[in-house]
Amino acid sequence: MGRTEMGALGNKNFRYFFMGQFISLMGTWMQSSGQSWLVLSLTNSPLLLSLVPAFQTLPMFLFSIFAGVIIDRYKKKKLLLITQTASMILAFSLSSLVLFGHIKYYQIIVLATMLGITNTIDNPTRQTFVRDMVGDDNILSAIALNSSLINFARIVGPSIAGIMMGWVGAGWCFFINGVSFIPVIYGIYKIDIDGEPKALNNKNGVFKDIKEGFIYIKSNFELILTIMLIGIVSCFLFNFNVIIPIIAKEKLNMDATGYGMLMAAMGLGACIAAVFVARYNRKIKIKYVYMLGIIEALLFILLSFTDSIALNIIIIVFIGAAMVLFSSIANTNVQLMSQEEYRGRVMSIYTLVFIGITPIGSTLTGQLITLYKIDFALIICSFICIILVILLILLRIRYLKMK
């Protein structure tokens with residue numbers, strides 16, 4: 001098999017990155033699932049559950065634009081070694097508190113916030129470093145392969161977490177996550193490129209660099225519309241750490257193992273979609289991202305109308321597939337629309353609207369679930385999303401006619 005046929009996996013550096021992520025992401029999903037179930041068990045409150053992802057992503061909301069300047073100024077490999085080590089320490093800290101019986105709700109909030117600070121730099125750094133490793137020709141393949149890893153881990157991680165929580169408790173899920181960072185840190189260390197900063201004048205002040213990034217984004221209306229679309233869908237639909245445990249516990253009366261099964265179903269759909277995109281390995285037009293946003297909302301509306309465990313699982317599989325198709329195509333188009341010297345700042349804004357806006361979305365979703373129960377909350381969020389996406393489509397049509 002030739003290098004071209006292998007896509008991103010034909011690149012030695014990407015293979016180091018890929019194999020390290022393969023192990024680490026399973027631990028990450030074990031912790032994510034275990035943390036959500038632990039909070040719900042401690043508090044039995046949808047609102048308090050929604051505050052954990054809100055605090056975890058609040059640093060991205062507040063500091064992503066500053067992270068973009070850091071990424072454009074410093075070597076990405078060094079930044080990743082620092083952020084992955086910090087994430088490992090936080091996982092071991094959470095594990096220790098649970099295993100020794102000292103865990104409190106506020107401690108979960110503090111550790112989630114600290115992890116959010118780490119991820120504010122880590123997430124956009126990883127995305128831009130992938131492009132440094134594979135180049136433009138294989139960027140869609142690399143993003144899709146990474147998505148396939150994330151979503152394979154979404155299948156395996158929650159399933160293992162559900163079994164382990166019923167057997168030995170959530171603390172061991174967090175401990176395993178801490179151990180899983182060792183391979184990814186080693187993989188990043190073995191990569192022989194540093195991810196050098198591109199053409200940024202380090203003598204500029206931070207705020208001047210941020211201003212230049214916003215001016216650059218403002219100059220590309222297609223980029224602005226795409227970022228707005230990502231923000232809308234993320235805010236109203238991508239609140240899975242709140243929605244899935246509530247569906248499992250309150251709607252379907254499932255235990256921790258059943259919750260793990262629902263998360264695994266989402267991961268299965270997402271993994272299938274990611275493999276499809278990775279094999280396709282060609283740029284997919286941005287118009288399909290708008291269609292996928294509406295499809296995702298319609299799937300959530302459909303989910304709200306059934307109490308059948310089997311139908312919930314089937315719909316959640318399709319939700320997972322639509323999520324990965326949406327995020328992979330959007331991510332690829334945003335990166336390819338961005339000039340290299342501005343890419344770190346553009347991807348930090350992408351991270352802000354894709355992940356950092358979650359404090360708004362998860363808190364809104366949690367409050368709606370508290371007031372109206374899960375089904376009606378899903379309908380409200382989905383209809384708002386559809387209306388806003390249609391408005392963006394009309395704006396894009398008008399913009400294309402004016403070009």
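Buried means under 20% relative accessible area. With that in mind, select E222 and R396: both are buried. They form a salt bridge, with the closest N and O atoms 2.8 Å apart. The pair links distant parts of the chain, E222 in helix α9 (residues 221-236) and R396 in helix α15 (residues 358-402).

This is a predicted model. Its mean pLDDT is 83, and 91% of residues reach 70 or more. Colour by pLDDT and go to residues 1-5, where the value stays under 50. Where pLDDT is low, the predicted coordinates should not be read in detail.

Next, select R126 and D122. Their closest N and O atoms are 2.6 Å apart in another salt bridge. Both residues sit in helix α5 (residues 105-134), four residues apart, about one turn of the helix. D122 has a relative accessible area of 2%, so it is buried.

Now pick K12 and D192, a salt bridge at 3.0 Å between the closest N and O atoms. K12 belongs to helix α2 and D192 to the loop between α7 and α8, so the pair ties together parts 180 residues apart in sequence. K12 is partly exposed, at 40% relative accessibility. The whole structure has four salt bridges.

Move to helix α13, residues 309-337. How many of its 29 residues are buried? The count is 21. At its start, a side-chain oxygen of S308 comes within 3.4 Å of the backbone nitrogen of A310.

Last, select the cysteines. There are zero disulfides. For C385, the nearest cysteine sulfur is that of C235, 9.1 Å away.

Methods:
Residues numbered from 1 in each chain as written. Predicted model: local features only at pLDDT ≥ 70, side-chain atom pairs only at ≥ 80, totals over all residues. Heavy atoms only, no water. Helix = DSSP H or I, 4+ residues; strand = E, 2+ residues; numbered from the N terminus. Expected span 1.5 Å × (residues − 1). Buried < 20%, exposed > 50% of the residue type's maximum accessible area, 1.4 Å probe, protein only. Polar contact = N/O pair within 3.5 Å; in protein donor to acceptor, adjacent residues only side chain to side chain. pLDDT = per-residue confidence, 0-100. Contact = heavy atoms within 4.5 Å. Disulfide = S-S within 2.5 Å. Salt bridge = Lys/Arg side-chain N within 4 Å of Asp/Glu carboxyl O.
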